[in-house]
Amino acid sequence: MSATVVFYLRGEISSAQHFDAESLFLSYCILVPNGWTCQEESKLCGTTHFAQQTRKPFGDEGKSISTAHFNQYFEAKLIAPVDTVFEVPKLVVEVSSLDWWQRFCTEGYGFTAISTSPGHHSLTIATWRPVPSSMHSHAARVAQMRRFFIGGTPQLKDLGCSLADTQGKDVLSRFGLCTISSGQVNVTLEVGLQGPKDGKILAKSTLLGRKMQSGRSDQLVSSVDQVIAAYLRVKSRMASVREAMRMMMDGRQSD
């Protein structure tokens, strides 16, 4: 029987910043590499509550920072064979908004590699969202007006596009897809590791964490099939959340 290593992940999606909408909620999913297992797969995906952005002064020039606080807690226990310790799980997020007029918009997609180095980690996920074409074209202006007046934005059919890595292999490319930068999501993570006593796993994991912090992720290859399956699960949950929010809004209007 091959040796395995157990990773204990406990994290918190603390806040989102610099988004245009006032009321935000976030869907997240932890994508595990091939060969890794999770005893409770239901803990790998989830949705936060709605949070209103608040503005705080920043600097001396009258600027302000908009922040929505989620404080969404999540945890997972991942089991990985020793041979696959150099592959890492990824955290994928989708930020959305729904206002009182039931205008639903996708505010941003993003992902980050979860460090397998034991200890405390503070992560910032930069997000982006797709747009129809060049921001100065007629189609882009129509899309902006639709987004403002009735809601609705271009969405990804395949969440694997948000995991495109120009240095990896067998991944999707965002070449030709017009996007604009959006806000950022702040995550804190505690990682615990349990494995063989010889210390080799800890050494490999620590080395991987250093590579991730330095931006050298040539060996981090994502599985497209796994991304699609995880996206479908998140999409079905998102549909139920939207329906529940629409029913709640209808109830408020009837009152």
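**Notes on a few spots in this model**

1. Start with the greasy-looking part: Met145, Phe148, Phe149 and Ile150 make up a nonpolar patch on the surface, and together they have about 490 Å² of accessible area. Keep in mind as you look that this is a predicted model.

2. Let's zoom in on one member of that patch. Ile150 sits in the loop between helix H1 (138–149) and S11. Is Ile150 buried or exposed? Its relative accessibility is 61%, so Ile150 counts as exposed, the cut-off being over 50%.

3. Now hop over to Thr48, which lies in the loop between strand S4 (45–47) and strand S5 (51–52). With a relative accessible area of 8%, Thr48 is buried, because buried means under 20%. Who is around it? Setting aside neighbours within four places in sequence, Thr48 is in contact with Phe25, Leu26, Phe70 and Gln72.

4. Next, find Gln184 in strand S11, which covers residues 179–194. This residue comes out at 23% relative accessibility, so Gln184 counts as partly exposed.

5. Which residues does Gln184 touch, once neighbours within four places in sequence are left aside? The list has Ser15, Ala16, Gln17, His18 and Phe19, plus Thr124, Ile125 and Thr127.

6. Last, look at the side chain of Gln184: it makes a polar contact with the side chain of Asn186, at 3.4 Å.

Conventions: Residues numbered from 1 in each chain as written. Predicted model: local features only at pLDDT ≥ 70, side-chain atom pairs only at ≥ 80, totals over all residues. Heavy atoms only, no water. Helix = DSSP H or I, 4+ residues; strand = E, 2+ residues; numbered from the N terminus. Buried < 20%, exposed > 50% of the residue type's maximum accessible area, 1.4 Å probe, protein only. Contact = heavy atoms within 4.5 Å. Polar contact = N/O pair within 3.5 Å; in protein donor to acceptor, adjacent residues only side chain to side chain. Patch = residues over 30% accessible without salt bridge, like charges linked within 9 Å, V, L, I, M, F, W, Y side chains within 5 Å. Areas by Shrake-Rupley, 256 points an atom, 1.4 Å probe, with all protein chains shown as cover. Salt bridge = Lys/Arg side-chain N within 4 Å of Asp/Glu carboxyl O.
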